[in-house]
Amino acid sequence: MADLYSTYERINSVSPRTLPKIVLYSYMNRDYSSRSMELNCKRDINFMFLLEGVSAPDHATFARFRSIHFAPCSKRILAEMPNALFDMGEISGEAIFIDGTKMKADHVRHSKSKTGYAV
């Protein structure tokens, strides 16, 4: 996170630790719109908790943050996240899970197996 924090000190009174929390929480909820992030910060109690009492930034602040500050170091931050969680004791590291999402293929509409998934 040092790379990210070194690029800015404050953006519209929001600390460098707060914006990544909001953006990542929004991404976890499959919400990628900066306008939606702004709205959630005003209406959703979870986002308000992450803001720590600071007023909600506008959508342009989220857009600038993602493009100027977060994008250049996002791969490194997300790659180091499991190590940070392990160091904090949030994950044990004993088991590794791979996403087992099953997705129907386009051709399944015409020829289904017993499970309905492509074989």
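Is Thr18 buried or exposed? Select Thr18 and see. At 4% relative accessibility, Thr18 counts as buried (buried is under 20% relative accessible area, exposed over 50%, partly exposed in between, with a 1.4 Å probe and protein chains only).

Before moving on, note what is on screen. This is a predicted model, where local features need pLDDT of at least 70, side-chain atom pairs count only at pLDDT 80 or more, and totals for chains, interfaces and linings use all residues. Residues are numbered from 1 along each chain as its sequence is written, and side-chain values use heavy atoms, with hydrogens and water left out.

**Stop 1: around Thr18**

Thr18 lies in helix α2. Helices here are DSSP runs of H or I with at least four residues, strands are E runs of at least two, and both are numbered from the N terminus. Show the neighbours of Thr18. Leaving aside residues up to four places away in sequence, Thr18 touches Leu50, Leu51 and Glu52 (contact means heavy atoms within 4.5 Å).

**Stop 2: from Glu52 to Lys21**

The term means a side-chain nitrogen of Lys or Arg within 4 Å of a carboxyl oxygen of Asp or Glu. Lys21 sits in helix α2 and Glu52 in the loop between α4 and α5, so this pair ties together parts 31 residues apart in sequence. Glu52 is exposed, at 54% relative accessible area. Lys21 is partly exposed, at 34%.

**Stop 3: the other salt bridges**

The structure holds three salt bridges. Select Glu38 and Lys42 next. Their closest N and O atoms are 3.2 Å apart in a salt bridge. Both residues are in helix α3, four residues apart, which puts about one helical turn between them. Glu38 is buried, with a relative accessible area of 16%.

Now go to Arg76 and Glu80. Their side chains meet in a salt bridge at 3.0 Å, N to O. Both lie in helix α6 (residues 74-88), four residues and about one turn apart. Arg76 is partly exposed at 48%, and Glu80 is also partly exposed, at 34%.

**Stop 4: aromatic pairs**

How many aromatic pairs does a search of the whole structure find? It finds three. Rings of Phe, Tyr and Trp (its six-membered ring) pair if their centres lie within 6.5 Å; planes under 30 degrees apart count as stacked, over 60 as edge-to-face and the rest as tilted.

Select Tyr25 and Phe47. Their ring centres are 5.1 Å apart and the planes stand at 70 degrees, so the pair is edge-to-face. Tyr25 is in helix α2 (residues 18-28) and Phe47 in helix α4 (residues 45-51), so the pair links distant parts of the chain, 22 residues apart. Phe47 is buried at 2% relative accessibility, while Tyr25 is partly exposed at 23%.

Move to Tyr27 and Tyr32. Here the centres are 5.2 Å apart and the planes at 50 degrees, so the pair is tilted. Tyr27 is partly exposed, at 25%.

**Stop 5: the nonpolar core**

Finish inside. The largest nonpolar core has 16 residues. Such a core is a set of buried Ala, Val, Leu, Ile, Met, Phe, Trp, Tyr and Cys residues joined through side-chain atoms within 4.5 Å. Select Leu4, Leu19, Ile22, Cys41, Phe62 and Phe65: these have the most contacts inside the core. Then colour by helix. The elements giving two or more residues to this core are α2, α3 (34-43), α4 and α5 (59-70).
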